[in-house]
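Reader: Good morning. I would like to go through this model with you, step by step.
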Amino acid sequence: KFPCCSRTNLFDNQGNNRCNTEELSNNECSPYDSSNERFPASQAVRKFLGGAGPNNNNEPFYDAFTIAWFKATTNGLDNLKPIRDKC
């Protein structure tokens, strides 16, 4: 049910709930089940978190970015040459 906040257990530096309002801080969002159209997006967010909770594991993002960058910079081009080290 909306409005809701997905991380009701987080607080800012002043000790205030990061959900900003009492209504939001007391109403945690329900996770999406596999039949919901938003489920794939929620799974992607979990994947890019690199594990449970906040952490510094950026590897899932960079792995996906490397693949996407290759596709974006080579799509439709079959005549690419490496960049020269010197001009």
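Reader: Which element gives the most to the nonpolar patch?
Author: Helix α3 does, with four residues. Please keep in mind that this is a predicted model.

Reader: Which residues form that nonpolar patch on the surface, and with how much accessible area together?
Author: The patch is formed by Phe48, Phe61, Tyr62, Phe65 and Trp69. Together they have about 550 Å² of accessible area.

Reader: Take Phe61, then. Where does Phe61 lie?
Author: Phe61 is located in helix α3.

Reader: And why does Phe61 count as partly exposed?
Author: Its relative accessible area is 41%. Partly exposed refers to the range between the buried limit of 20% and the exposed limit of 50%, so Phe61 belongs in that class.

Reader: Let us turn to the overall fold. How many helices and strands does the protein have?
Author: There are three helices and zero strands. Along the sequence, the pattern reads α-α-α.

Reader: What share of the residues counts as buried?
Author: Of the 87 residues, 13% are classed as buried. The protein exposes about 8000 Å², and carbon and sulfur atoms supply 53% of that area.

Reader: What about contacts between residues 24 or more positions apart?
Author: Such pairs make up 16% of the contacts in the protein with a separation of 6 or more.

Reader: Now to Arg46. Where is its place, and which side chain does a polar contact join to it?
Author: Arg46 sits in helix α2, which covers residues 39–49. Its side chain is joined to that of Gln43 by a polar contact of 2.8 Å. With a relative accessible area of 42%, Arg46 is partly exposed.

Reader: Finally, Lys86. Where is Lys86 found, and why does it count as exposed?
Author: Lys86 belongs to the segment after α3 (59–74). Lys86 counts as exposed because its relative accessibility is 71%, and exposed requires over 50%.

Reader: And how far apart are Lys86 and Pro60?
Author: They are 26 residues apart in sequence and 33 Å apart in space, C-alpha to C-alpha.

Conventions
Residues numbered from 1 in each chain as written. Predicted model: local features only at pLDDT ≥ 70, side-chain atom pairs only at ≥ 80, totals over all residues. Heavy atoms only, no water. Helix = DSSP H or I, 4+ residues; strand = E, 2+ residues; numbered from the N terminus. Buried < 20%, exposed > 50% of the residue type's maximum accessible area, 1.4 Å probe, protein only. Patch = residues over 30% accessible without salt bridge, like charges linked within 9 Å, V, L, I, M, F, W, Y side chains within 5 Å. Areas by Shrake-Rupley, 256 points an atom, 1.4 Å probe, with all protein chains shown as cover. Salt bridge = Lys/Arg side-chain N within 4 Å of Asp/Glu carboxyl O. Polar contact = N/O pair within 3.5 Å; in protein donor to acceptor, adjacent residues only side chain to side chain. Contact = heavy atoms within 4.5 Å.
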